[in-house]
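Please open the model in a viewer and keep a selection panel at hand.

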Amino acid sequence: MNYKLLIRQERECDFGEIRSVVKTAFAGAEHTDGDEHNLVDRLRGTEEYIPELSLVAEVNCRIVGYAMFSQIYIGISKAIALAPLAVLPGFRNHGIGLALIEAGHRKAKEGDYYCSVVLGSPEYYSKSGYLPASHFEIVAPFEIPQQFYMVFPFKPELPQGTVRYSRAFGV
């Protein structure tokens with residue numbers, strides 16, 4: 001596939017298209033609650049919403065991917081969570097998701113966040129440098145096999161403890 005990819009911050013005029021992209025991307029996914037597009041809407045209404053870390057991937061002025069990083073806490077330390085990451089089916093396996101993650105990490109490093117956490121495929125997220133959270137004694141606030149909960153460190157020393165998500169996640 002030959003195209004020019006643009007990664008940029010979401011705009012309010014994008015919200016409807018983003019909702020459609022997220023809903024389409026998760027339709028038929030192996031692990032989904034079918035609520036990811038609603039999660040995005042709920043997070044935008046919280047103080048944990050970080051506009052500059054809500055990114056779209058555009059190809060020919062069409063949004064084909066989306067990544068949202070929202071603020072979380074590990075103890076009293078600020079971190080971020082990547083959720084959701086969505087790429088339209090016809091645009092997968094072309095590096096768009098990885099480009100969204102990399103752009104988000106680059107921007108997040110400018111802030112005072114210790115790390116990013118993600119719940120997902122170790123095979124996929126390890127390509128972006130995510131490591132098992134258990135290696136850092138960072139714990140999910142829900143039951144999940146350890147290998148699916150990962151951390152990308154931004155600082156050499158990370159806080160330890162249970163992650164506290166926005167109420168928008170319902171955990």
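**Before starting**

The model is predicted, so that local features are given only at pLDDT of at least 70 and side-chain atom pairs count only at pLDDT 80 or more, while totals for chains, interfaces and linings use all residues. Residues are numbered from 1 along each chain as its sequence is written, and side-chain values use heavy atoms, with hydrogens and water left out.

**Stop 1: helix 2**

Select residues 36-44, which form helix 2; helices (H or I, at least four residues) and strands (E, at least two) are DSSP runs, numbered from the N terminus. Glu36, His37, Leu39, Val40, Leu43 and Arg44 are buried in this helix, where buried means under 20% relative accessible area, exposed over 50% and partly exposed in between (1.4 Å probe, protein chains only). These residues lie on the same side of helix 2, because they cover an arc of only 155° around the axis, the arc being that of the directions from the helix axis to the C-beta atoms. Next, display what covers them: helix 1 (15-26), strand 3 (62-74) and strand 4 (77-87) are included. Contact here means heavy atoms within 4.5 Å.

Now centre on Val40 in helix 2. Its relative accessible area is 2%, so Val40 is buried. Setting aside residues up to four places away in sequence, Val40 touches Val22, Tyr66, Met68 and Pro84.

**Stop 2: helix 1 against helix 2**

Two packed helices are described by the angle between their axes and the distance between the axes. For helix 1 and helix 2 the angle is about 145° and the axes are 7 Å apart; axes are lines fitted to C-alpha atoms, for helices over the stretch in contact, and angles run from 0 to 180 degrees between N-to-C directions. To view the contact, select Phe15, Ile18, Arg19, Val22, Lys23 and Phe26 of helix 1 together with Glu36, His37, Asn38, Val40, Asp41 and Arg44 of helix 2. The residues of this contact divide into five nonpolar, two polar and five charged, with Ala, Val, Leu, Ile, Met, Phe, Trp, Tyr, Cys and Pro counted as nonpolar, Asp, Glu, Lys and Arg as charged, and the others, Gly among them, as polar.

**Stop 3**

Around Val117, contacts beyond four places in sequence include Ile72, Leu82, Tyr130, Ile138 and Val151.

**Stop 4**

Move to Ser70 in strand 3. Ser70 counts as buried because its relative accessibility is 1%. Beyond four places in sequence, its contacts are Leu43, Glu48, Ile50, Ala79, Ile80, Ala81 and Phe169.

Then select Tyr114, in the loop between helix 3 and strand 5. Tyr114 counts as partly exposed, at 27% relative accessibility. Among its contacts beyond four places in sequence are Ser77, Lys78, Ala79, Pro153 and Phe154.

**Stop 4: backbone geometry**

Most residues other than glycine have a negative phi, and most peptide bonds are trans. Select Ala83 and Pro84: the peptide bond from Ala83 to Pro84 is cis, with omega near -5°, and Pro84 lies in strand 4. Asn60, in the loop between strand 2 and strand 3, has a positive phi near 50°. Glu137 also has a positive phi, near 60°, and is found in the loop between strand 6 (131-132) and strand 7 (138-139).

**Stop 5: the cysteines**

Finally, select Cys13 and Cys61. The closest cysteine sulfur to that of Cys13 is in Cys61, 12 Å away and therefore too far for a bond. A disulfide is a pair of cysteine sulfur atoms within 2.5 Å, and the count by this rule is zero. Cys13 counts as exposed at 67% relative accessibility, and Cys61 counts as exposed at 71%.
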